[in-house]
Amino acid sequence: MGTLLRPPPPPMFSISQRHYSSFTHPLNTQTPPRKVPRRIQSSTFGSFLDLEPVSKPESLDFDLSCLDPSVRSRFDVIIIGTGPAGLRLAEQVSRYGIQVCCVDPSPLSMFPNNYGVWVDEFESLGLEDCLDKTWPMTCVHINDHKTKYLDRAYGRVSRKKLKMKLLEGCVSNGVKFHKAKVWKAEHQEFDSSVVCDDGSEIKASLIVDASGFASTFIEYDKPRNHGYQIAHGILAEVDSHPYDLDKMVLMDWRDSHLEETSLVSRPVLSYMEVKRRMVARLRHLGIRVRSLIEDEKCLIPMGGPLPRIPQSVMAIGGSSGVVHPSTGYMVARTLALAPVLADAIAECLGSTRMIRGQPLYHRVWNDLWPVERRCTREFYSFGMETLLKLDLQCDKGIL
Ligand SMILES: Cc1cc2nc3c(=O)[nH]c(=O)nc-3n(C[C@H](O)[C@H](O)[C@H](O)COP(=O)(O)OP(=O)(O)OC[C@H]3O[C@@H](n4cnc5c(N)ncnc54)[C@H](O)[C@@H]3O)c2cc1C
């Protein structure tokens, strides 16, 4: 039937319906963040769609070193986008003395997405101080009678701490920032440049696209037949809930109520339908939303072909194909791959070597996507295609 619908991983102590079977971030119902006014809103029982989130997008108060566009500048690397991927790469590659400029229309805006990660992944990256909530265990509800417990801690990323940490690293390594949107990238044999919406043109030896899933800078040889994960998430205050606060619910396969998670589908499930099903779940669980602190639309393209390897623009993050094709996880992996790419860039553009043009593109793309990693991705994509083919009615037995 082409669509896999799963119940969402319900939040531990509030309604955090990201409907990711894998990375819902349970949220606190008891004490909302201090800066959120305790304005009690009213909702019909189990519904929240009529509520306005009280929290508004924040900007960071941080002193960036900005590019003076009136001065003609040349860098080693231009990074398009200051999401987690772009900032992490900027922070890593600038440690080698490589001159980096990050271009983003809003470099101080908070990351818009909430991220869930395994705690050990962030520990191995030295980023455990960037988690704002951790759960010592996770659980998976197989059905109404059976629950599996996983002895692996899960965490919700503090977007503010992660962004501040990456920005601090960038600034102390001399990274420049330019507040603009990149319109196009142009290439000569050994040099590239970006043209921005403010009319500025910046040159570099390498352009890295970290502008996320909607990138227009990356080329593909094959049709992009990806699947989509779609979810709606809320951070809310609720009257009561049935969850154990020590255990993060990673997956909930119970179907004694309407299923609403679209882990992967092709074409994408309607967003309104996902929301409607979430209302049904809350009603089924007897959860009344008192106030809505934050909400989030999540749409992640998954799988599909890799970008053409190599090509003149390098990519990292959402534009590079690293999202896990059958779960949608990406952030920890990208943060871990950025140093690998930074090493390759430094070997080519660092002080001792000057490898530019085609040999540079070849080197960086193949270091991000060596053959073994491409094979692993093929296997995960096979998993995604299998999920797309499951018929829920017939296949319930195999769960
Ligand atoms: C709602 C949501 C929730 C997610 N949750 C998780 C999760 O829990 N765990 C997980 O592992 N993954 C998650 N993902 C998947 C993935 O990790 C995120 O999408 C992640 O934000 C991708 O990071 P990125 O840096 O590649 O791109 P983005 O975070 O999308 O950042 C792109 C940046 O590029 C800038 N930009 C765009 N176009 C231009 C341009 N033309 N010129 C200059 N700048 C530009 C944007 O302003 C933005 O700052 C989630 C995705 C979504 C959408």
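Helices (H or I, at least four residues) and strands (E, at least two) are DSSP runs numbered from the N terminus. This is a predicted model, in which local features need pLDDT of at least 70 and side-chain atom pairs count only at pLDDT 80 or more, while totals for chains, interfaces and linings use all residues. Residues are numbered from 1 along each chain as its sequence is written, and side-chain values use heavy atoms, with hydrogens and water left out.

**Overall make-up**
- The protein has eight helices and 17 strands, and 56% of its 399 residues count as buried.
- Among contacts (heavy atoms within 4.5 Å) between residues at least 6 apart in sequence, 77% join residues at least 24 apart.

- Y96 is found in the loop between helix 1 (84-94) and strand 3 (100-103), and is partly exposed, with a relative accessible area of 42%.
- Leaving aside neighbours within four places in sequence, Y96 is in contact with A342, D343 and A346, and the C-alpha atoms of Y96 and G350 are 7.1 Å apart in space although the two residues are 254 residues apart in sequence.

**Nonpolar cores**
- A nonpolar core is a set of buried Ala, Val, Leu, Ile, Met, Phe, Trp, Tyr and Cys residues joined through side-chain atoms within 4.5 Å.
- The largest nonpolar core has 83 residues, and F122, L206 and I345 have the most contacts inside it; helix 5 (residues 331-349) gives the most to this core, with eleven residues.
- Not counting residues up to four places away in sequence, I345 touches V77, L89, V93, I98, L206, V208, G350 and V364.

**S73**
- S73 lies in the loop between strand 1 (3-6) and strand 2 (74-80), and counts as buried at 18% relative accessibility.
- A polar atom of the S73 side chain lies 3.0 Å from the backbone oxygen of V71.
- Setting aside neighbours within four places in sequence, S73 is in contact with L67, D68, I202 and K203.

**Cis peptide bonds**
- Most residues other than glycine have a negative phi, and most peptide bonds are trans.
- A cis peptide bond joins R266 and P267, with omega about 5°, and P267 is found in the loop between strand 15 (261-265) and helix 4 (271-285).
- The peptide bond from I309 to P310 is also cis, with omega near -5°, and P310 has its place in the loop between strand 16 (289-302) and strand 17 (313-315).

Methods. Buried means under 20% relative accessible area, exposed over 50%, partly exposed in between (1.4 Å probe, protein chains only). A polar contact is a pair of N or O atoms within 3.5 Å; within protein, one must be able to donate a hydrogen and the other to accept it, and residues adjacent in sequence count only if both atoms are side-chain atoms.
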